[in-house]
Amino acid sequence: MLNFKQLHHFWNVARAGGIVRASERSGLAPQTLSGQIAILEASLGVSLFRRRGRGLALTETGQMVLDYAEEIFRVGSELEEALHNRAAGRAIPFRVGIADVVPKAIAWLLLAPSMKLAEPVRIVCREDKMVRLLGELAIHKLDVVLADSPMPAHMDVRGYNHKLGESTISFFAAPSLAESLTGSFPANLARQPMLIPGADAAVRRPLMQWFEEQHIAPHIVGEFDDAALMKAFGEAGVGVFPAATLIAEQVCRQHGVRCIGEAPAVSEAYYAISVERRISHPATLAISRSGLEGAKRD
């Protein structure tokens, strides 16, 4: 088996940039570190360092081993922290990335089950573009990413999609704008100012297709990556805006708007993306088991 103590010595030398500096940091003799690395190289059958002037440089294989070592000792540190937190009764950190196109109210519904675990959880939320969040997921800075679409197939990231649920789309408007609409839905949307999700939102394409099928040419006055900002503009009466039917009551109550009608043919789904096929983090497991409808019932 791989000797992790020797691997740890290699890791320290590689990070320090040389044996002498690693010796000063660790308190071990340079001969001890050099000997341990030589044994590791012999057991692996590879060279991890090459001479460069008076110092050492990683070989190509050494760089690969360092990448694995970084991951091994990071996970080990997390395990130690998790065990320490559990023994001390401290909250388990749950690091969540939320794609900026996911409505805040939906994100809360999805995360709510994680707050009801027997073991306390401390949620650390980070909102950003999905691509950047997936990059952080890949290097284990996040435990899960909540998004409105599965992970793109072209991304060089190993990840697994767990569908949590979906909702149809309804349209909302401030009272003054809603009262000015004439005729029945959806024909009354024609020529009305419209606020729509940005190009990154998965619902954007089916929404525009629905407009075309209904022979409605929307007068688009704003496009928004941030769903909360779109609702704020809608609340101010700038235009009609779409939102998940699942949170229609909350949208009306929070923003003082009215629901004009529902488009059953248009829906958006929500996913939890993890680096694990079999989820192990208790909070991620809780939200995947409950799903969107289960969270709403709770």
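A crossing of two helices is termed left-handed if the near helix is turned anticlockwise from the far one by less than a right angle, and right-handed if it is turned clockwise. In the predicted model described here, the crossing of helix 2 and helix 3 is right-handed. Two packed helices are described by the angle between their axes and by the distance between those axes. For helix 2 (residues 19-26) and helix 3 (residues 30-44), the packing angle is about 115° and the axes lie 9 Å apart. Helix 2 contributes I19, A22, S23 and S26 to the contact, while helix 3 contributes P30, L33 and S34. Sorted by class, the residues in this contact comprise four nonpolar and three polar ones, with no charged residue.

The model also contains an open sheet of six strands, arranged in the order 4-3-5-10-6-9 with mixed pairing. Strand 4 (121-128) and strand 9 (241-244) are the edge strands, each of which pairs on one side only. From one strand to the next, the twist averages 25°. Strands of a sheet pair through backbone hydrogen bonds, in either a parallel or an antiparallel manner. Strand 3 (residues 92-99) and strand 4 run parallel and are joined by eight bridges. Within this pair of strands, I98 stands opposite E127 of strand 4.

Helix 8 (residues 204-213) lies across strand 6 (160-173), strand 9 and strand 10 (258-274). The direction of helix 8 makes an angle of about 155° with strand 10.

Methods: Residues numbered from 1 in each chain as written. Predicted model: local features only at pLDDT ≥ 70, side-chain atom pairs only at ≥ 80, totals over all residues. Heavy atoms only, no water. Pairing = 2+ DSSP bridges. Helix = DSSP H or I, 4+ residues; strand = E, 2+ residues; numbered from the N terminus. Axes fitted to C-alpha atoms, helices over the stretch in contact; angles between N-to-C directions. Contact = heavy atoms within 4.5 Å. Nonpolar A, V, L, I, M, F, W, Y, C, P; charged D, E, K, R; others polar.
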